[in-house]
Amino acid sequence: MSAMAGAHLLVTGFEPFGGDTANPSQEAVKALDGRRVGGLPVRGLVLPVQHEEARAALAPALAEPGLRAAVLLGLAGGRARLALERVGLNVMDYRQPDNRGDVVRDTPCVVGGPAAYWSTLPLDTILETLTAEGIPAYVSNTAGTFLCNYTLYTALHALASADRPIPAGFIHLPYLPSMVASHGLEEPSMDLPLIVRAAEIALERALALQA
């Protein structure tokens, strides 16, 4: 069997939460699922907004043979640019209830795990390409302490524990324009086609690491 047989890319997002009926990460995943990037098919996965359920859904996808890169997406309402997250911290600490109604305070993502993991995506190269294409972005040094940070940390922990050197990382997204319209507030937003293109660029640059 060819070494490329079963090779694929993974992109994940989250369900709506916090009273919203949409999530840009979910919409981006739906748009990307089944596309080909760098000649490889993209598999999309929408995660629940609850840490145990999210980890249970993500773990098998990260363990799939043939996985070549993983780009995780999530909403950071109020940010005007795409945030390329540099680091995942081993902590959950949030007052906003998740979609199961849970509130978690000062709790490790993985008991006994390292304090942090660095993203293994080529962030500088991704940022350079995004900027060249006119897509606003920056490298962020905090993914927060809610489900987005949790997913980044546990994904990197799972790959490191399995000794799988697969590029993986997290990108935070602004609101969609339709969400701002429904909020009726002065908030930054980004059109879905730009978000989808940004995820494609991140996958392309991650694949280039393995060329």
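Both faces of strand 1 are covered: H8, L10, T12 and F14 on one side, and L9, V11 and G13 on the other, are all buried (under 20% relative accessible area, with exposed meaning over 50% and partly exposed in between; 1.4 Å probe, protein chains only). With seven of its seven residues (8-14) buried, strand 1 is largely enclosed by the rest of the structure. Strands here are DSSP E runs of at least two residues and helices are H or I runs of at least four, numbered from the N terminus. This is a predicted model, with local features needing pLDDT of at least 70 and side-chain atom pairs pLDDT 80 or more, while totals for chains, interfaces and linings use all residues. Residues are numbered from 1 along each chain as its sequence is written, and side-chain values use heavy atoms, leaving out hydrogens and water.

As for pairing (at least two DSSP bridges between two strands), strand 1 runs parallel to strand 4 (residues 67-75), joined by five bridges, and L9 sits opposite A69 there. Six bridges link strand 1 to strand 3 (residues 40-47), again in the parallel sense, with L45 of strand 3 as the bridge partner of T12.

Over in helix 3 (residues 123-132), L123, I126, T129 and L130 are the buried residues. They cover an arc of only 130 degrees around the axis (taken from the directions from the axis to the C-beta atoms), so they end up on the same side of helix 3. That buried set packs against strand 5 (82-85), strand 10 (137-140) and helix 6 (192-208), with contact meaning heavy atoms within 4.5 Å. The face turned away carries exposed D124, E128, T131 and A132.
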